[in-house]
Amino acid sequence: MLDSTYNPPYFLRNGAAMTAYTALWAGRDWENTTPHPEPFYQQVVFTGGQDVPIFGWVAIPKNAHSTIVGTYGITGELEQQWFLRLLGRKAYAQGYAVVLFDWRAHGQTAALSPTLTSDGLHEGEDFVRIAAEAVAMGCPRQCWFTGYSLGGQLALWGIKSAQDLDHKNIDVAGGAVICPSLDSLRSLTYLVTHPFGKYVESRIAGELKKLAWKLHHTHHGYFDPAAIERANSIWGFDEELVIGRLGFSSVAEYYQASSGLHLLPQLQKSTLIIYAADDPLFDPDIVADLKAASAKNSDINLLLTTYGGHVGYVSSKKCQQQAQDPDQWWAWNRILQWIEEKRIEQLNTVEMLK
């Protein structure tokens, strides 16, 4: 399971350094790291689970062979999510139809509905419904789900929902995720005990508070201003604004129910998980549990790396040469390589059965 082929530049051989570099610096020049232009995206409003409107982008290349559906992490919106848009460029150039979306309470989706997040409990169905509508628009019916960080947890729930919902007009072949959130309770407890983690948690909490006020003003007082004022942490946001609407009595109960780690034994479709042992945002003890869960499920491929930080996976020049990668984005290159291999395997299987 330990992948030794990934190596970052020397100065990024530290999880906090890689995470900070990716968040604060790498996005400034991302467009110059790939020769592929931005696809022409059609803006679409999908209908997610519970009939929640979900805003997304769809791009379909000529002779597209399959579809990738993806979203991003805990905060943000499509326009600013350069890491996800980077995948869109790379995937589109390789013949994939690309479907990217603002998940619940994010970006343009937040403007359409006051419905708050559920860390995958309802977003899993959103993935499946979005895929079905994209296929009805002309995207290939074979679909792959992807995401990173908390978006990775959502994609895992999407895979599980695809098993349960069984839409006939789409083939959800599986999914691939980068540094997914797997145990929010443990990781959040761990995060606030370290200086770097406290800084990250404080920044995320501030963004969530801004999001809550934006939703409040957009949807004419839908939220209690006093509750928003009290939501000064990630935990506080979920406690004050989320769990009551989802029917949970505590944040801990909510995190337990939405846990990606507890979901892994239930996955029955091909799933790639790329995870860094030095990710500074997650409790290091989760690594052992992730290895054990992956070893027990033959449908899960785990690429566990020594380095990588949270999501970034910027590779060194030597690593790029060894992997024959076109750029420094090691994790996206592995995901596209893995999906292509699985796609060819399925095509060969179909041919053999004819």
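1. Ground rules. Because this is a predicted model, local features need pLDDT of at least 70 and side-chain atom pairs count only at pLDDT 80 or more, while totals for chains, interfaces and linings use all residues. Residues are numbered from 1 along each chain as its sequence is written, and side-chain values use heavy atoms, with hydrogens and water left out.

2. Helices here are DSSP runs of H or I with at least four residues, strands are runs of E with at least two, and both are numbered from the N terminus. Axes are lines fitted to C-alpha atoms, for helices over the stretch in contact, and angles run from 0 to 180 degrees between N-to-C directions. Angles under 35 degrees count as roughly parallel, over 145 as roughly antiparallel, 65 to 115 as roughly perpendicular and the rest as oblique.

3. Who touches whom. On the H4 side, the contact (heavy atoms within 4.5 Å) is made by Glu123, Gly124, Glu125, Phe127 and Val128. H5 contributes Leu154, Ala155, Trp157, Gly158, Ser161, Ala162 and Leu165. Sorted by class, the contact of H4 with H5 has seven nonpolar, three polar and two charged residues. For these classes, Ala, Val, Leu, Ile, Met, Phe, Trp, Tyr, Cys and Pro count as nonpolar, Asp, Glu, Lys and Arg as charged, and the others, Gly among them, as polar.

4. Phe127. Do look at this residue of H4. With 0% relative accessibility, Phe127 counts as buried (buried means under 20% relative accessible area, exposed over 50%, partly exposed in between, with a 1.4 Å probe and protein chains only). Beyond its neighbours within four places in sequence, Phe127 is in contact with Val69, Gly70, Thr71, Phe101, Phe145, Thr146, Leu154, Ala155 and Gly158. Phe127 and Ala162 are 35 residues apart in sequence, and their C-alpha atoms are 8.4 Å apart in space.

5. Helix H6. In H6 (residues 184-191), the residues Ser184, Ser187, Leu188 and Leu191 are buried. They sit on the same side of H6, because they cover an arc of only 95° around the axis; the arc is that of the directions from the helix axis to the C-beta atoms. Their cover includes H5, helix H7 (195-218), helix H9 (234-246), helix H10 (251-258) and helix H12 (286-296).

6. H9 and its partners. H7 and H9 pack at about 30° with axes 8 Å apart, so H7 is roughly parallel to H9. Here Glu201, Ile204, Ala205, Leu208 and Ala212 in H7 meet Ile234, Phe237 and Leu241 in H9. The axes of H9 and H10, by contrast, come within 9 Å and cross at roughly 75°, so these two helices are roughly perpendicular to each other. The contact of H9 with H10 divides into nine nonpolar, no polar and two charged residues.

7. Two positive phi values. Most residues other than glycine have a negative phi. Asp51, in the loop between strand S1 (42-47) and strand S2 (53-59), has a positive phi near 60°. Ser149, in the loop between strand S5 (142-148) and H5, has a positive phi of about 55°. Asp51 is exposed, with a relative accessible area of 58%, whereas Ser149 is buried at 14%.
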